[in-house]
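Here is a short note for a colleague who is opening this structure for the first time. Please keep the sequence and the model in view while reading.

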Amino acid sequence: MTAPRRSPPAFREAIRLARVPLYPFAELERRAAEQERPGRPVLKFAIGDPDLPPPEALTRALAEILRSDPTSHGYSTSRGEPTLREAVARFLRVRFGVPIDPEREVAILVGSKEGLSGLPRALLGPGEAVAVPDPGYPAYVAAALLNDLAVERLPLRPGGGWLPDWEGLSARVGLAYLNYPNNPTGQVARLPDLKEAVDWAHDHGSALAFDNAYSEITYGSEPAPSILEVPGAREVAVEFHSLSKTFGIPGWRVGFAVGNPDLLRLLVRLKSQSDSGAATPLQRAAVAALGLYRGRERPPEVARAVATYGERIRALAAGLEALGLEVVPPQGALYVWQRVRSGGAALAERLLDRAGILVTPGSAFGRGGEEYVRWSVTRPLSEIETALRRLPAALSPRRGGGDGAPAVGTPPEPPPGTGSGGSRSSSPRRRARPATRRSPG
Ligand code: MLT
């Protein structure tokens, strides 16, 4: 006798996962794959995935550790390898002049995104909210929603150097994200700007998650600051760093958090329940990368990569401006933020359909990005030149298409009643910077 056939169970996503927009970079990759044609590959300027090789000291250290360190195959600890925590403390001291206790004020992460996502989970609960810069890195909204927390927009003001407008956040906000050098706008904050954030956090009894993933990738003469240089920051802030962008190892997944020991203790406690630490050999090798720093100056290995990204940014920005397009001049990070008054999502769609060029629609970073697209310069100059040659045909009005295309990864509107009110912050001083530059074309 045969057993009666059972239909397999239908699995559906949890409500909290359904509320999170698709991760834009994964979704864009999927759309690009659909457009790929033999002999005409899609030019991919969407994700910021560094294409330059890591420093040799780093890859050599990893090879050596794997070859000759039999203890490197075991578990690490939730807080991370002591040698790497000491290297992190030294890096903060020589690069930013910030003293750090490697025992209490450092946690090693499985990439900075892991820590950025974990902090609200470790700290906040029902009825509380997370403030998220808009435009901002999509992982912040996801971190809030995946932890059943409300999202409040922290608008970045285009007319004010894309600095945050702290007014309007409610008393429910228990954690605010901030990110400079900024993804996606490319703007760099100065210490007085960061002091405003620290003052706001003190006044509101809120924590700050300062994402400094691009601290080493700046194009001016002044290096980007650490928020821990601001007096009182250590009482409210955790700063997140990534080795991905600085050393060209995004797939290694090694980052670190520094700052407030109580917040870090919670994060490490969460990590002990959810992961078993970054891979031990990678952590031990990362010591060699941070050891390249001898002072405030970037070591030659990092300076060379930044010079290459800078050259690409200049070529791309000049090419876009020569076509009469508006570009926000970037001061740091890996992106060109192009203004598209008629809507970034429509242009992104049109570039992909007509020219095989993949860019990120600014709406993927929030409502504040709707009039923009973001180009990542993690592709070689030759591809930038090809894209610039393909652009005029894609921009011409010969076909109607494009407008009204769905925005990839557009974060949901905050639930009613979460977006305003309850602010106790005073009116911050802001520097005026040009929002965009328009070439005469
Ligand atoms: C970006 O392209 O904005 C990010 O670097 C991608 C990521 O970290 O997921």
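The points below go from the whole protein to its sheet, its ligand site and some single residues.

1. Overall make-up. The model is predicted. The protein has 441 residues, and 50% of them count as buried. Its secondary structure comes to 13 helices and 15 strands. Take the contacts between residues at least 6 apart in sequence: 77% of these join residues at least 24 apart.

2. The ligand site. Which residues surround the ligand? They are Phe25, Ile47, Gly48, Lys113, Tyr137, Asn183 and Ser376. By class, this shell has 3 nonpolar, 3 polar and 1 charged residues. Domain 1 covers 15-53 + 300-395, and domain 2 covers 56-298. Both give residues to the shell, so the ligand lies between them.

3. The sheet. Eight strands form an open sheet with mixed pairing. Their order is β2-β9-β8-β7-β6-β3-β4-β5. The edge strands are β2 (106-109) and β5 (163-164), and each of them pairs on one side only. Helix α9 (residues 261-274) packs on this sheet. It touches β2, β7, β8 and β9 (255-259). The direction of α9 makes about 145° with that of β9.

4. Strand β8 and its partners. Strands of a sheet pair through backbone hydrogen bonds, either parallel or antiparallel. How do β7 and β8 run, parallel or antiparallel? Strand β7 (residues 207-211) and strand β8 (residues 237-242) run parallel, joined by 4 bridges. Across this pair, Leu208 stands opposite Ala237, and Phe210 stands opposite Glu239. On β9, the pairing is antiparallel: 5 bridges join β8 to β9.

5. In β8, Ala237, Glu239 and His241 point one way. Val238, Phe240 and Ser242 point the other way. How many residues of β8 are buried? The count is 6 of its 6 residues, and the strand is mostly covered.

6. Helix α6. This helix (residues 139-146) is mostly covered, with 6 of its 8 residues buried. The buried ones are Tyr140, Val141, Ala142, Ala143, Ala144 and Leu145. What do they pack against? Their partners are α1 (15-18), α5 (112-123), β3 (129-134), β4 (150-157) and β6. After α6 comes Asp148, whose phi is positive, near 60°.

7. Cis peptide bonds. One joins Asp134 and Pro135, with omega about 5°. Pro135 is found in the loop between β3 and α6. Another cis bond joins Asn183 and Pro184, with omega about 20°. Pro184 is placed in the loop between β6 and α7 (191-204). Asn183 also belongs to the residues that surround the ligand.

8. Positive phi at Trp162. This residue is not a glycine, yet its phi is positive, at about 55°. Where is Trp162 placed? It sits in the loop between β4 and β5. Is Trp162 buried or exposed? It counts as buried, because 24 C-beta neighbours lie inside 10 Å, and the cut-off for buried is 20 or more.

9. Positive phi at Ala333. Here phi is near 70°, again a positive value in a residue other than glycine. Ala333 lies in the loop between β10 (326-328) and β11 (335-339). It has 31 C-beta neighbours inside 10 Å and therefore counts as buried.

10. Glu167. This residue is found in the loop between β5 and β6 (173-179).

Conventions
Residues numbered from 1 in each chain as written. Predicted model: local features only at pLDDT ≥ 70, side-chain atom pairs only at ≥ 80, totals over all residues. Near = placed C-beta within 6 Å. Nonpolar A, V, L, I, M, F, W, Y, C, P; charged D, E, K, R; others polar. Domains from an automatic or database assignment. Pairing = 2+ DSSP bridges. Helix = DSSP H or I, 4+ residues; strand = E, 2+ residues; numbered from the N terminus. Contact = placed C-beta atoms within 7 Å. Axes fitted to C-alpha atoms, helices over the stretch in contact; angles between N-to-C directions. Buried ≥ 20, exposed ≤ 12 C-beta atoms within 10 Å, placed from the backbone.
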